[in-house]
Amino acid sequence: MDIPAPDFPRLEIRNLARSFAGRKVVDDVSLTIMPGQVTCLLGPSGCGKSTTLRMIAGIETQDAGEIWSDGALVCDASQHTPPEARGIGLMFQDFALFPHLTVAGNVAYGLKGRASKTRARVEELLAKVGMSAHIDRYPHELSGGEQQRVALARALAPRPRIMLMDEPFSGLDDRLRDDIRDETLDVLKAEGTAVLLVTHEPEEAMRMADEIALMRGGRIIQTGAPYNIYNTPVDKDAAAFFSDVNVVPATVQGALAQTAFGQFLVPGVADGTKVDIVIRPQHLKIDFDRQGKGPNPTIADGTPARGTVKRARFMGVESLVEFTLDDGSQMSALVPSVFLPKPGMVLWLMIRRDKCFIFPRPETSVI
Ligand code: ADP
Ligand code: MG
């Protein structure tokens, strides 16, 4: 394969935009992907992921913006490299193999050159995806997962510099999907391909991505490593995209937000600003030491709040316990292992200060 230029991103998108019927569907999208890097374009259905991918592939035209690969301009408003000359491999959910061709025939499709060379490349790829034993079979003789592996080998055969994948695993059942995701990643990394994977599932993005680009309403609202995106979301909806969240509303007075869990310091926020304190259920703690004790003192991690158990369910690895606080608000806690208190039981709850996010409510935002 060609040697990646070390200083150049394999794929760079600058300010890509596209409207349909006067509505901006992709709005000022920029992305950089290095060789061997996997970036997941993650967002809810209809936010513009597939349209972005289709513009990069060259099967949809852009209204504005530039696409670069290895330091060379692929496409801008006036120049358009045809899809087949972009060095891009595509994998979609409906990855139909050619039914009348064998596995070898499917993978060889699109490879030019001498038959012996082609055969060697086909064998190499089928070995990589663990399908050597099936080389002479036809697609209808393969399971869904095996067909997916062949489709991957076929997409990789011409040595694409960039692989664009649009929800490629959503047709597979759960257990199979985990295996195929991991195998696919191994093969793509070994080939040095830059990967842009579209998904609406946060778990898939967390599992596969070196970097996640979170998309909403045609725009990328946050880009970062999975750990950073999960732990430093830009707003409440970005936090809520990755897990259920508890939201504690409060109003700021003297740089403090008063809540059932005590005061939260919000420096630089004007008096009267409404804020949301957002905490994931696994970071709501039950203060067993306070069990059966009276009014609660403020402790290092804030003030425990009284919660009455509404419902408790065993989820496998954890238990999900739903509470009603004295002010009527609802909170849910994920507790490791088995913890199934009876409805009506009163417990003291705390939230981990280092794990909560405080956002001004958008309509009253002063930051
Ligand atoms: P996603 O892949 O994130 O689900 P898409 O990129 O497919 O979203 O679509 C984004 C929006 O653009 C949707 O509202 C969709 O209906 C609209 N859209 C996509 N393609 C076209 C088209 N060819 N003509 C008109 N509207 C389109
Ligand atoms: Mg789509």
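How many bridges pair strand 16 with strand 17, and in which sense do the two strands pair?

## Strands 16 and 17

In this predicted model, strand 16 covers residues 305-314 and strand 17 covers residues 318-325. The two strands pair in the antiparallel sense, over seven bridges. Arg 311 has its bridge partner in strand 17, and that partner is Glu 322.

## The shell around ligand 1

The residues that surround ligand 1 are Phe 20, Arg 23, Val 25, Pro 44, Ser 45, Gly 46, Cys 47, Gly 48, Lys 49, Ser 50 and Thr 51. By class, four are nonpolar, five are polar and two are charged. Strand 2 (23-33) and helix 1 (49-57) each supply at least two residues of this shell. Helix 1 gives the most, with three residues.

Oxygen atoms of ligand 1 lie within reach of N or O atoms in several side chains, at 2.7 Å for Arg 23, 2.9 Å for Lys 49 and 2.5 Å for Thr 51. Taken alone, ligand 1 exposes 560 Å², and the protein buries 59% of that area.

Definitions and conventions
Residues are numbered from 1 along each chain as its sequence is written. Chains are lettered from A and ligands numbered from 1 in the order in which they are written. This is a predicted model: local features need pLDDT of at least 70, side-chain atom pairs count only at pLDDT 80 or more; totals for chains, interfaces and linings use all residues. Side-chain values use heavy atoms; hydrogens and water are left out. A residue is near a molecule or strand if one of its heavy atoms lies within 4 Å of it. A polar contact is a pair of N or O atoms within 3.5 Å; within protein, one must be able to donate a hydrogen and the other to accept it, and residues adjacent in sequence count only if both atoms are side-chain atoms. Accessible areas come from the Shrake-Rupley method with a 1.4 Å probe; for residues, only the protein chains shown count as cover. Helices (H or I, at least four residues) and strands (E, at least two) are DSSP runs, numbered from the N terminus. Ala, Val, Leu, Ile, Met, Phe, Trp, Tyr, Cys and Pro count as nonpolar, Asp, Glu, Lys and Arg as charged, and the others, Gly among them, as polar. Two strands pair if DSSP finds at least two bridges between them.
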